[in-house]
Amino acid sequence: MKHPHGRFEALAGAILLDEATAADRAEFALHAESCAVCREDAAAFTTPLRGSVEAVAQSETWRPSMTDEILERIHERHTKRTRFTITTIGYAVVASIVLNVAFVSGFGGRAIDALRITPRIAYSATQPIRIEHRPKVALVVNGVSALVGPRRAALAAVARKNIRPASQAAASDDIGPPDVFDGLRADESGARNVAAGYPPVCAADLERVAVRPEPCRSMPAERR
Amino acid sequence: MENVFVLGVDNALEAEARIERLVIEHQAKLARYVRRFVNDREAALDLTQDVFFAAYRMLKADPSRPLTAGWLYKTATNHAISLLRKNKRRGPTVPLEELGSSFRLDERSAESLDLQRALDALPSEQLACVMLTTYAGYSSAEAALILGSSSEAVRQRVCRATRTMRAALGATA
(Lines give C-alpha, C1' and ligand atoms only; values in the text may rest on other atoms or scores of the structure.)
Protein backbone atom coordinates (compact mmCIF):
# COMPACT_ATOMS: atom_id res chain seq x y z
CA MET A 1 0.00 0.00 0.00
CA LYS A 2 1.45 3.32 -1.05
CA HIS A 3 -0.54 5.43 1.38
CA PRO A 4 1.00 5.37 4.90
CA HIS A 5 -2.50 5.17 6.34
CA GLY A 6 -3.46 2.28 4.07
CA ARG A 7 -2.97 -0.41 6.71
CA PHE A 8 -4.91 1.50 9.35
CA GLU A 9 -7.67 2.29 6.87
CA ALA A 10 -7.94 -1.43 6.21
CA LEU A 11 -8.08 -2.06 9.96
CA ALA A 12 -10.80 0.57 10.33
CA GLY A 13 -12.72 -1.06 7.47
CA ALA A 14 -12.44 -4.43 9.17
CA ILE A 15 -13.77 -2.93 12.42
CA LEU A 16 -16.64 -1.27 10.52
CA LEU A 17 -17.53 -4.60 8.89
CA ASP A 18 -17.14 -6.37 12.24
CA GLU A 19 -14.37 -8.57 10.86
CA ALA A 20 -11.51 -7.34 13.03
CA THR A 21 -9.87 -9.47 15.71
CA ALA A 22 -9.06 -8.20 19.17
CA ALA A 23 -5.43 -7.68 18.14
CA ASP A 24 -6.53 -5.61 15.16
CA ARG A 25 -8.74 -3.44 17.35
CA ALA A 26 -5.92 -2.92 19.84
CA GLU A 27 -3.47 -2.00 17.09
CA PHE A 28 -5.91 0.50 15.63
CA ALA A 29 -6.69 2.01 19.02
CA LEU A 30 -2.98 2.47 19.69
CA HIS A 31 -2.54 4.22 16.37
CA ALA A 32 -5.67 6.34 16.75
CA GLU A 33 -4.25 7.94 19.91
CA SER A 34 -1.67 9.72 17.80
CA CYS A 35 -3.70 10.21 14.58
CA ALA A 36 -6.54 12.69 14.30
CA VAL A 37 -7.96 11.21 11.09
CA CYS A 38 -8.19 7.72 12.56
CA ARG A 39 -9.71 9.12 15.77
CA GLU A 40 -12.45 10.60 13.60
CA ASP A 41 -12.90 7.23 11.89
CA ALA A 42 -13.16 5.55 15.28
CA ALA A 43 -16.14 7.75 16.09
CA ALA A 44 -18.08 5.96 13.35
CA PHE A 45 -17.55 2.60 15.01
CA THR A 46 -20.32 3.31 17.47
CA THR A 47 -22.87 2.70 14.71
CA PRO A 48 -21.75 -0.37 12.76
CA LEU A 49 -22.16 0.24 9.04
CA ARG A 50 -23.32 -3.24 8.19
CA GLY A 51 -25.97 -3.31 10.89
CA SER A 52 -27.48 0.03 9.93
CA VAL A 53 -27.59 -0.81 6.22
CA GLU A 54 -29.13 -4.22 6.91
CA ALA A 55 -31.77 -2.56 9.04
CA VAL A 56 -32.69 -0.27 6.17
CA ALA A 57 -32.69 -3.18 3.73
CA GLN A 58 -35.07 -5.12 5.97
CA SER A 59 -37.57 -2.29 5.86
CA GLU A 60 -37.75 -2.33 2.05
CA THR A 61 -40.99 -3.79 0.74
CA TRP A 62 -40.38 -3.69 -3.01
CA ARG A 63 -40.54 -7.26 -4.28
CA PRO A 64 -40.61 -7.17 -8.06
CA SER A 65 -41.51 -10.33 -9.95
CA MET A 66 -39.89 -10.68 -13.31
CA THR A 67 -40.04 -14.43 -13.88
CA ASP A 68 -42.61 -14.14 -16.65
CA GLU A 69 -40.76 -11.30 -18.37
CA ILE A 70 -37.47 -13.18 -18.35
CA LEU A 71 -39.00 -16.42 -19.61
CA GLU A 72 -40.87 -14.49 -22.28
CA ARG A 73 -37.62 -12.81 -23.30
CA ILE A 74 -35.92 -16.19 -23.51
CA HIS A 75 -38.72 -17.58 -25.70
CA GLU A 76 -38.63 -14.46 -27.84
CA ARG A 77 -34.91 -14.98 -28.32
CA HIS A 78 -35.56 -18.59 -29.35
CA THR A 79 -38.15 -17.42 -31.87
CA LYS A 80 -35.85 -14.76 -33.27
CA ARG A 81 -32.96 -17.16 -33.64
CA THR A 82 -35.14 -19.79 -35.27
CA ARG A 83 -36.59 -17.22 -37.65
CA PHE A 84 -33.14 -15.93 -38.49
CA THR A 85 -31.83 -19.46 -39.13
CA ILE A 86 -34.76 -20.39 -41.35
CA THR A 87 -34.52 -17.13 -43.27
CA THR A 88 -30.79 -17.55 -43.80
CA ILE A 89 -31.18 -21.13 -45.00
CA GLY A 90 -34.04 -20.06 -47.28
CA TYR A 91 -31.96 -17.30 -48.84
CA ALA A 92 -29.05 -19.69 -49.33
CA VAL A 93 -31.28 -22.30 -51.04
CA VAL A 94 -32.89 -19.71 -53.32
CA ALA A 95 -29.50 -18.26 -54.22
CA SER A 96 -28.09 -21.70 -55.07
CA ILE A 97 -31.14 -22.53 -57.22
CA VAL A 98 -30.86 -19.24 -59.09
CA LEU A 99 -27.14 -19.79 -59.71
CA ASN A 100 -27.71 -23.37 -60.88
CA VAL A 101 -30.45 -22.35 -63.28
CA ALA A 102 -28.36 -19.50 -64.60
CA PHE A 103 -25.37 -21.69 -65.37
CA VAL A 104 -27.34 -24.63 -66.69
CA SER A 105 -29.24 -22.38 -69.10
CA GLY A 106 -25.98 -20.78 -70.20
CA PHE A 107 -27.09 -17.34 -69.16
CA GLY A 108 -24.47 -17.16 -66.45
CA GLY A 109 -21.62 -18.01 -68.79
CA ARG A 110 -22.76 -15.45 -71.32
CA ALA A 111 -23.12 -12.84 -68.65
CA ILE A 112 -19.60 -13.54 -67.43
CA ASP A 113 -18.26 -13.37 -71.01
CA ALA A 114 -20.02 -10.06 -71.49
CA LEU A 115 -18.46 -8.71 -68.37
CA ARG A 116 -14.99 -9.96 -69.28
CA ILE A 117 -12.87 -7.06 -70.50
CA THR A 118 -9.39 -7.67 -71.83
CA PRO A 119 -7.73 -4.37 -72.54
CA ARG A 120 -4.82 -4.47 -74.99
CA ILE A 121 -2.69 -2.68 -72.46
CA ALA A 122 -2.98 -5.68 -70.20
CA TYR A 123 -1.21 -7.87 -72.75
CA SER A 124 1.68 -5.49 -73.16
CA ALA A 125 1.89 -4.95 -69.44
CA THR A 126 1.82 -8.60 -68.43
CA GLN A 127 3.73 -10.25 -71.30
CA PRO A 128 7.46 -9.68 -71.76
CA ILE A 129 8.39 -7.83 -74.89
CA ARG A 130 11.36 -9.40 -76.65
CA ILE A 131 13.31 -7.23 -79.00
CA GLU A 132 15.50 -9.21 -81.33
CA HIS A 133 18.48 -7.75 -83.03
CA ARG A 134 18.92 -9.57 -86.31
CA PRO A 135 22.16 -9.28 -88.32
CA LYS A 136 21.92 -7.24 -91.45
CA VAL A 137 23.01 -10.12 -93.70
CA ALA A 138 20.10 -12.19 -92.53
CA LEU A 139 17.70 -9.41 -93.24
CA VAL A 140 19.09 -8.35 -96.56
CA VAL A 141 19.84 -11.23 -98.90
CA ASN A 142 21.29 -10.34 -102.27
CA GLY A 143 20.48 -6.77 -101.51
CA VAL A 144 16.81 -7.57 -100.92
CA SER A 145 15.11 -7.69 -97.58
CA ALA A 146 13.89 -11.15 -96.61
CA LEU A 147 10.73 -9.77 -95.14
CA VAL A 148 9.36 -7.89 -98.12
CA GLY A 149 6.64 -8.86 -100.52
CA PRO A 150 7.21 -9.94 -104.17
CA ARG A 151 6.36 -6.52 -105.59
CA ARG A 152 8.92 -4.68 -103.48
CA ALA A 153 11.46 -7.44 -104.10
CA ALA A 154 11.07 -7.02 -107.85
CA LEU A 155 11.49 -3.27 -107.52
CA ALA A 156 14.61 -3.79 -105.44
CA ALA A 157 16.06 -6.21 -107.98
CA VAL A 158 15.60 -3.69 -110.78
CA ALA A 159 17.32 -1.05 -108.70
CA ARG A 160 20.20 -3.41 -107.93
CA LYS A 161 21.06 -4.09 -111.57
CA ASN A 162 23.59 -1.28 -111.73
CA ILE A 163 25.56 -2.33 -108.64
CA ARG A 164 26.09 -6.03 -109.35
CA PRO A 165 29.74 -7.26 -109.46
CA ALA A 166 31.43 -6.96 -112.79
CA SER A 167 31.99 -10.75 -113.08
CA GLN A 168 28.32 -11.49 -112.53
CA ALA A 169 27.24 -8.65 -114.76
CA ALA A 170 29.35 -9.97 -117.64
CA ALA A 171 28.26 -13.55 -117.26
CA SER A 172 24.62 -13.12 -116.56
CA ASP A 173 23.31 -10.38 -118.71
CA ASP A 174 20.79 -12.78 -120.09
CA ILE A 175 19.93 -14.29 -116.73
CA GLY A 176 17.77 -11.44 -115.68
CA PRO A 177 17.09 -10.42 -112.17
CA PRO A 178 18.05 -13.01 -109.54
CA ASP A 179 15.30 -14.94 -107.94
CA VAL A 180 14.51 -13.37 -104.62
CA PHE A 181 13.28 -16.63 -103.20
CA ASP A 182 16.64 -18.28 -103.88
CA GLY A 183 18.08 -15.67 -101.63
CA LEU A 184 15.48 -16.48 -99.03
CA ARG A 185 16.46 -20.14 -99.12
CA ALA A 186 20.17 -19.38 -98.72
CA ASP A 187 21.59 -20.06 -95.33
CA GLU A 188 23.24 -17.41 -93.25
CA SER A 189 26.82 -18.20 -94.29
CA GLY A 190 25.87 -18.33 -97.95
CA ALA A 191 24.13 -15.03 -97.59
CA ARG A 192 27.22 -13.57 -95.98
CA ASN A 193 29.37 -14.81 -98.88
CA VAL A 194 27.02 -13.35 -101.42
CA ALA A 195 26.96 -10.08 -99.55
CA ALA A 196 30.76 -10.08 -99.36
CA GLY A 197 30.93 -10.43 -103.15
CA TYR A 198 29.26 -7.11 -103.70
CA PRO A 199 31.45 -4.06 -104.03
CA PRO A 200 31.23 -1.51 -101.28
CA VAL A 201 28.59 1.01 -101.99
CA CYS A 202 28.05 4.45 -100.69
CA ALA A 203 25.45 5.23 -98.05
CA ALA A 204 23.21 6.91 -100.59
CA ASP A 205 23.00 3.73 -102.67
CA LEU A 206 22.18 1.63 -99.62
CA GLU A 207 19.46 4.08 -98.67
CA ARG A 208 18.00 3.75 -102.10
CA VAL A 209 18.17 -0.04 -102.33
CA ALA A 210 17.30 -1.16 -98.78
CA VAL A 211 13.64 -1.67 -98.24
CA ARG A 212 12.41 -1.38 -94.72
CA PRO A 213 10.02 -4.11 -93.63
CA GLU A 214 6.54 -2.97 -92.75
CA PRO A 215 5.75 -3.35 -89.05
CA CYS A 216 3.29 -6.12 -88.28
CA ARG A 217 -0.01 -4.68 -87.10
CA SER A 218 -0.53 -7.37 -84.51
CA MET A 219 2.71 -6.48 -82.74
CA PRO A 220 2.76 -3.68 -80.19
CA ALA A 221 4.08 -0.36 -81.35
CA GLU A 222 7.75 0.24 -81.04
CA ARG A 223 8.67 1.94 -77.79
CA ARG A 224 10.74 5.08 -77.94
CA MET B 1 -25.47 -33.03 -36.65
CA GLU B 2 -28.71 -34.35 -35.23
CA ASN B 3 -26.96 -35.08 -31.93
CA VAL B 4 -25.65 -31.54 -31.77
CA PHE B 5 -29.12 -30.18 -32.39
CA VAL B 6 -30.67 -32.42 -29.71
CA LEU B 7 -27.89 -31.46 -27.30
CA GLY B 8 -28.58 -27.78 -27.99
CA VAL B 9 -32.29 -28.24 -27.29
CA ASP B 10 -31.51 -30.18 -24.11
CA ASN B 11 -29.12 -27.46 -22.99
CA ALA B 12 -31.71 -24.79 -23.65
CA LEU B 13 -34.40 -26.63 -21.72
CA GLU B 14 -32.10 -27.35 -18.80
CA ALA B 15 -30.86 -23.78 -18.75
CA GLU B 16 -34.41 -22.49 -18.83
CA ALA B 17 -35.40 -24.65 -15.85
CA ARG B 18 -32.36 -23.60 -13.86
CA ILE B 19 -32.78 -19.93 -14.67
CA GLU B 20 -36.40 -20.05 -13.57
CA ARG B 21 -35.33 -21.37 -10.18
CA LEU B 22 -32.62 -18.73 -9.90
CA VAL B 23 -35.01 -15.93 -10.82
CA ILE B 24 -37.60 -17.00 -8.26
CA GLU B 25 -34.94 -17.28 -5.58
CA HIS B 26 -32.91 -14.11 -6.15
CA GLN B 27 -34.98 -11.65 -8.19
CA ALA B 28 -36.35 -9.48 -5.36
CA LYS B 29 -33.13 -9.09 -3.42
CA LEU B 30 -31.04 -8.57 -6.55
CA ALA B 31 -33.44 -5.96 -7.91
CA ARG B 32 -33.37 -4.04 -4.61
CA TYR B 33 -29.58 -4.27 -4.58
CA VAL B 34 -29.39 -2.82 -8.07
CA ARG B 35 -31.96 -0.16 -7.24
CA ARG B 36 -29.82 1.02 -4.31
CA PHE B 37 -26.87 1.04 -6.67
CA VAL B 38 -28.40 3.11 -9.48
CA ASN B 39 -31.25 4.82 -7.56
CA ASP B 40 -33.68 4.16 -10.43
CA ARG B 41 -36.39 1.54 -10.22
CA GLU B 42 -36.93 1.03 -13.96
CA ALA B 43 -33.22 0.86 -14.65
CA ALA B 44 -32.87 -1.60 -11.80
CA LEU B 45 -35.54 -3.85 -13.31
CA ASP B 46 -33.88 -3.71 -16.73
CA LEU B 47 -30.45 -4.42 -15.29
CA THR B 48 -31.73 -7.32 -13.21
CA GLN B 49 -33.36 -8.85 -16.26
CA ASP B 50 -30.11 -8.41 -18.16
CA VAL B 51 -28.24 -10.20 -15.39
CA PHE B 52 -30.59 -13.19 -15.47
CA PHE B 53 -30.49 -13.25 -19.24
CA ALA B 54 -26.69 -13.30 -19.17
CA ALA B 55 -26.93 -16.17 -16.69
CA TYR B 56 -29.26 -18.01 -19.06
CA ARG B 57 -26.84 -17.59 -21.98
CA MET B 58 -24.00 -18.89 -19.84
CA LEU B 59 -26.02 -21.86 -18.62
CA LYS B 60 -27.15 -22.67 -22.13
CA ALA B 61 -23.55 -22.80 -23.30
CA ASP B 62 -22.50 -25.00 -20.36
CA PRO B 63 -25.36 -26.41 -18.24
CA SER B 64 -22.96 -28.18 -15.90
CA ARG B 65 -21.37 -24.91 -14.82
CA PRO B 66 -22.21 -24.00 -11.23
CA LEU B 67 -23.91 -20.64 -11.00
CA THR B 68 -23.84 -19.01 -7.59
CA ALA B 69 -25.47 -15.93 -6.15
CA GLY B 70 -22.00 -14.41 -6.12
CA TRP B 71 -21.90 -14.59 -9.90
CA LEU B 72 -25.26 -12.84 -10.08
CA TYR B 73 -24.08 -10.05 -7.75
CA LYS B 74 -20.82 -9.71 -9.62
CA THR B 75 -22.61 -9.34 -12.95
CA ALA B 76 -25.18 -7.00 -11.44
CA THR B 77 -22.41 -4.85 -9.93
CA ASN B 78 -20.57 -4.65 -13.24
CA HIS B 79 -23.78 -3.76 -15.11
CA ALA B 80 -24.67 -1.13 -12.52
CA ILE B 81 -21.20 0.43 -12.57
CA SER B 82 -21.37 0.60 -16.37
CA LEU B 83 -24.75 2.34 -16.16
CA LEU B 84 -23.50 4.80 -13.54
CA ARG B 85 -20.49 5.67 -15.69
CA LYS B 86 -22.73 6.12 -18.72
CA ASN B 87 -25.04 8.38 -16.74
CA LYS B 88 -22.07 10.32 -15.45
CA ARG B 89 -20.86 10.96 -19.00
CA ARG B 90 -24.37 11.92 -20.06
CA GLY B 91 -24.80 14.31 -17.14
CA PRO B 92 -27.47 14.47 -14.43
CA THR B 93 -30.98 13.96 -15.73
CA VAL B 94 -32.95 13.68 -12.48
CA PRO B 95 -33.59 16.87 -10.52
CA LEU B 96 -32.50 16.81 -6.89
CA GLU B 97 -36.07 17.46 -5.76
CA GLU B 98 -37.06 14.07 -7.08
CA LEU B 99 -34.42 12.25 -5.07
CA GLY B 100 -35.92 9.15 -3.53
CA SER B 101 -38.64 8.83 -6.16
CA SER B 102 -37.40 5.32 -6.98
CA PHE B 103 -38.74 4.23 -3.58
CA ARG B 104 -42.29 3.39 -2.76
CA LEU B 105 -44.14 5.62 -0.34
CA ASP B 106 -43.90 3.09 2.45
CA GLU B 107 -40.15 2.81 1.90
CA ARG B 108 -39.45 6.50 2.11
CA SER B 109 -38.27 6.56 5.69
CA ALA B 110 -35.67 9.07 6.75
CA GLU B 111 -33.08 6.34 7.24
CA SER B 112 -33.72 4.89 3.81
CA LEU B 113 -33.47 8.24 2.04
CA ASP B 114 -30.40 9.21 4.07
CA LEU B 115 -28.71 5.98 3.15
CA GLN B 116 -29.51 6.53 -0.52
CA ARG B 117 -28.19 10.09 -0.38
CA ALA B 118 -24.97 8.84 1.19
CA LEU B 119 -24.62 6.03 -1.34
CA ASP B 120 -25.14 8.43 -4.23
CA ALA B 121 -22.13 10.43 -3.07
CA LEU B 122 -19.76 7.47 -3.42
CA PRO B 123 -17.47 6.67 -6.34
CA SER B 124 -18.48 3.47 -8.09
CA GLU B 125 -15.60 1.34 -6.70
CA GLN B 126 -16.33 2.34 -3.10
CA LEU B 127 -20.05 1.96 -3.71
CA ALA B 128 -19.52 -1.59 -4.97
CA CYS B 129 -17.49 -2.49 -1.87
CA VAL B 130 -20.03 -0.97 0.52
CA MET B 131 -23.01 -2.56 -1.25
CA LEU B 132 -21.47 -6.01 -1.41
CA THR B 133 -20.26 -6.02 2.17
CA THR B 134 -23.29 -4.41 3.78
CA TYR B 135 -26.36 -4.72 1.57
CA ALA B 136 -25.60 -8.09 -0.03
CA GLY B 137 -24.05 -9.38 3.20
CA TYR B 138 -20.75 -10.71 1.84
CA SER B 139 -17.54 -10.67 3.85
CA SER B 140 -14.66 -8.53 2.66
CA ALA B 141 -12.87 -11.65 1.37
CA GLU B 142 -15.93 -12.72 -0.65
CA ALA B 143 -16.43 -9.19 -1.94
CA ALA B 144 -12.78 -9.15 -2.96
CA LEU B 145 -13.30 -12.36 -4.94
CA ILE B 146 -16.39 -10.91 -6.63
CA LEU B 147 -14.64 -7.64 -7.49
CA GLY B 148 -11.33 -9.25 -8.41
CA SER B 149 -9.49 -7.35 -5.71
CA SER B 150 -7.88 -8.04 -2.32
CA SER B 151 -9.72 -8.05 0.99
CA GLU B 152 -7.35 -5.36 2.27
CA ALA B 153 -8.34 -3.11 -0.61
CA VAL B 154 -12.02 -3.78 0.02
CA ARG B 155 -11.71 -2.90 3.70
CA GLN B 156 -9.76 0.23 2.84
CA ARG B 157 -12.44 1.32 0.36
CA VAL B 158 -15.14 0.68 2.93
CA CYS B 159 -13.30 2.92 5.40
CA ARG B 160 -12.95 5.71 2.82
CA ALA B 161 -16.56 5.25 1.76
CA THR B 162 -17.65 5.70 5.36
CA ARG B 163 -15.82 9.02 5.50
CA THR B 164 -17.45 10.16 2.25
CA MET B 165 -20.91 9.08 3.43
CA ARG B 166 -20.43 10.85 6.73
CA ALA B 167 -19.41 14.00 4.91
CA ALA B 168 -22.38 13.75 2.53
CA LEU B 169 -24.86 13.27 5.35
CA GLY B 170 -23.27 16.05 7.38
CA ALA B 171 -23.44 18.42 4.42
CA THR B 172 -27.12 17.77 3.75
CA ALA B 173 -28.17 17.65 7.38
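## Confidence and make-up of chain A

The model is predicted, and the mean pLDDT of chain A is 71. Confidence in chain A is lowest in helix 8 (residues 136-139), where the mean is 50. It is highest in helix 5 of chain A, at 90.

Chain A contains 13 helices and 2 strands. Of its 224 residues, 13% are buried. Contacts in chain A between residues at least 6 apart in sequence can be sorted by separation: 61% of them join residues at least 24 apart.

## Two helices packed within chain A

Two packed helices are described by the angle between their axes and the distance between the axes. Helix 2 (residues 22-32) and helix 3 (residues 36-43) of chain A pack with their axes 8 Å apart, at an angle of about 130 degrees.

Sorted by class, the residues in the contact of helix 2 with helix 3 of chain A are 4 nonpolar, 1 polar and 1 charged.

## The contact between chains A and B

The contact involves 31 residues from chain A and 35 residues from chain B. On the side of chain A that touches chain B, the elements giving two or more residues are helix 1 (6-16), helix 4 (49-58) and helix 5 (67-104) of chain A. Helix 1 of chain A gives the most, with 7 residues. By class, this side of chain A has 16 nonpolar, 6 polar and 9 charged residues.

## One helix pair across the contact

Helix 4 of chain A packs against helix 5 (residues 124-135) of chain B. Their axes are 9 Å apart and the angle is about 75 degrees. Angles of 65 to 115 degrees count as roughly perpendicular, which makes helix 4 of chain A roughly perpendicular to helix 5 of chain B.

From helix 4 of chain A, the residues involved are Leu49(A), Arg50(A), Val53(A), Glu54(A) and Ala57(A). They meet Thr133(B), Thr134(B) and Tyr135(B) in helix 5 of chain B. The contact of helix 4 of chain A with helix 5 of chain B has 4 nonpolar, 2 polar and 2 charged residues.

Key
Residues are numbered from 1 along each chain as its sequence is written. Chains are lettered from A and ligands numbered from 1 in the order in which they are written. This is a predicted model: local features need pLDDT of at least 70, side-chain atom pairs count only at pLDDT 80 or more; totals for chains, interfaces and linings use all residues. Two residues are in contact if their C-beta atoms, placed from the backbone, lie within 7 Å. Helices (H or I, at least four residues) and strands (E, at least two) are DSSP runs, numbered from the N terminus. Ala, Val, Leu, Ile, Met, Phe, Trp, Tyr, Cys and Pro count as nonpolar, Asp, Glu, Lys and Arg as charged, and the others, Gly among them, as polar. A residue is buried if 20 or more other C-beta atoms lie within 10 Å of its own, exposed if 12 or fewer, and partly exposed in between; C-beta atoms are placed from the backbone. Axes are lines fitted to C-alpha atoms, for helices over the stretch in contact, and angles run from 0 to 180 degrees between N-to-C directions. Angles under 35 degrees count as roughly parallel, over 145 as roughly antiparallel, 65 to 115 as roughly perpendicular and the rest as oblique. pLDDT is the predictor's confidence in each residue, from 0 to 100.
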